[in-house]
Amino acid sequence: MDFAAVWDYLSDGANWSGSQGMGAYLVQQLLLTLTSVVAAAVVGLPVACWLGHIGRGGALAVNISNVGRAVPTFAVLVLLSLGPLGVGELGPYGRAGLATLVSLLLFALPPIVTNAYVGLREVDREIVDAARGMGMRGGQLFRSVELPLALPLMVTGLRLAVVQVWATATIAALVAGPGLGNVVTEGFASSNTPQVIAGALLIAAVAVVLELAMAVVEKAVAPVPADTRTGRATRPETPGGTG
Amino acid sequence: MILGQSRGGSHEATLTALPGIDTSSDCYNFVNNAWFCPAYLSDYRSELLVETWEHIWITVVSVLLGALMAYPLALLARRSPTVAAAVLGGSTILYTIPSLAMFSLMLIPPLPGISPWSVVIGLALYTLTILVRNMVAGLEAVPEEVRDAARGLGYGRLKLLLRIETPLAMPVIIAGLRVATVSTVALLTVGSILGYGGLGNLIRLGVQNDFRAQVLTASVLCVVLAVACDLVLLGVQRLVLPWQRG
């Protein structure tokens, strides 16, 4: 194996074109990631915000992340595609599209819910009391005080979800599902090491780009520069887990 | 035949034992492909034991290697905010790399290639993000008065670190080890791309053969193993830090 062969594979346009090319797989996996993270946010954020606002269900909101960490993404992908969801084609999402989307949604939920909940609960109680003293109630308190202050952690949750989902979508190929993982599994199947490494490099590169892009968003929504927020730099983070 | 599965042994045995070939069972055969099948547990006992053992040893070695790498990195990170940012940022980037890609990149020489050590290295790198963070947080949480008192008693830097700071940071470090171990158990299944995924090997073969009992049993065992590892570490924490109890 030499790097020239990997480079040759990556720079050959033929490997990017067609329905089995890296281009199509890349688009497919980006589409899977976007769809499932948006769906998870639509489902998870309102629930997490409501729980955080009324201050209940903390054990649930936090434990969902612990459960999500202990359950192998690979196992869920396999169980869902061998189960009732099946491996049928689903439009642009490809073979086992539905099973893959549902798995991705399930693994996007924990970081989104936990971080949004924690973000809302960590809003300084004195600020909330002050807002109440100024006459703010329910919805207004949530919109003008709690939500803006919780926003950075919510975006952290979305960032972790994007990274988690991108990683899990890669594994779908092990279940004969969609996505860029197919470049790697096909490379293994044909003992084409340059293809395996080229596919892995592409998957890793996009993951890093997504992470950095989400980090930029995270910085942009922070109401206070991160370094003045107490304990942020060294706070023990519980990542969503790479699939 | 997939590259990662060409190592023979119990894997070949599992591969040939398709549902249906074994006629002694009534819950996996040509007509019945049940999810729950007690007969699977006894018929495939040796495969389950082999893969569970592989799962356990790779997990233990990976987390230990991760901790061995994380400790000096945490000490470096403590020296300056710039180093801390570099170490934490670097480990976060590593954590971002999907496991399938991470294990596949181990084919690049001089990395071990098709070997359990590739899985170990990949998993150890993943533990860094949580372990370094918790080690730094644990060490920084040691009260300054405690350090002063120790220095007053004549503790040098190394003795202060090993006898005072590290023990006091242990609760946070063990909390990190628990998180790292649980996610390592889950992530290890993807090592089946290289043929060294512990119970993941059985899941992989199960999906190829549409063998539901095997997939469900191996998946449940993974979760049981994750919970068991968590409880063992909790026990260790109680044992080595008795003052934390209650």
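Trainee: How many residues of chain A are in contact with how many residues of chain B?

Mentor: In this predicted model, 40 residues of chain A are in contact with 48 of chain B. On the chain A side, the elements giving two or more residues are H3 (58–70), H4 (73–82), H7 (138–171), H8 (181–189) and H9 (193–221). H9(A) gives the most, with 9 residues.

Trainee: What classes of residue make up the side of chain A that touches chain B?

Mentor: That side divides into 27 nonpolar, 9 polar and 4 charged residues.

Trainee: Which residues make the contact between H4(A) and H10(B)?

Mentor: From H4(A) come A:Ala75, A:Val78, A:Leu79 and A:Leu82, and from H10(B) come B:Arg212, B:Val215, B:Leu216, B:Ser219 and B:Cys222. By class, the contact has 7 nonpolar, 1 polar and 1 charged residues.

Trainee: What else does A:Val78 touch, leaving aside its neighbours within four places in sequence?

Mentor: A:Val78 is in contact with A:Val175, B:Ile203, B:Gly206, B:Val207 and B:Val215. A:Val78 is also among the residues with the most contacts inside the largest nonpolar core, together with A:Ala108, A:Ile112 and B:Val132. That core has 136 residues.

Trainee: Let's turn to A:Phe142, in helix H7 of chain A. Why is A:Phe142 called partly exposed?

Mentor: Count its neighbours: A:Phe142 has 19 C-beta neighbours inside 10 Å. Being buried takes 20 or more, and being exposed takes 12 or fewer. The value of 19 lies in between, so A:Phe142 counts as partly exposed.

Trainee: Which residues does A:Phe142 touch, not counting those up to four places away in sequence?

Mentor: A:Phe142 touches A:His53 and A:Leu147. As for A:Arg132, it is 10 residues from A:Phe142 in sequence and 11 Å away in space, C-alpha to C-alpha.

Trainee: Finally, chain B on its own. How many helices and strands does chain B have, and what share of its residues is buried?

Mentor: Chain B has 10 helices and 0 strands, and buried residues make up 46% of its 246 residues. Among its contacts with a separation of 6 or more, 69% come from residues 24 or more positions apart.

Technical notes: Residues are numbered from 1 along each chain as its sequence is written. Chains are lettered from A and ligands numbered from 1 in the order in which they are written. This is a predicted model: local features need pLDDT of at least 70, side-chain atom pairs count only at pLDDT 80 or more; totals for chains, interfaces and linings use all residues. Helices (H or I, at least four residues) and strands (E, at least two) are DSSP runs, numbered from the N terminus. Two residues are in contact if their C-beta atoms, placed from the backbone, lie within 7 Å. Ala, Val, Leu, Ile, Met, Phe, Trp, Tyr, Cys and Pro count as nonpolar, Asp, Glu, Lys and Arg as charged, and the others, Gly among them, as polar. A nonpolar core is a set of buried Ala, Val, Leu, Ile, Met, Phe, Trp, Tyr and Cys residues joined through C-beta atoms within 7 Å.
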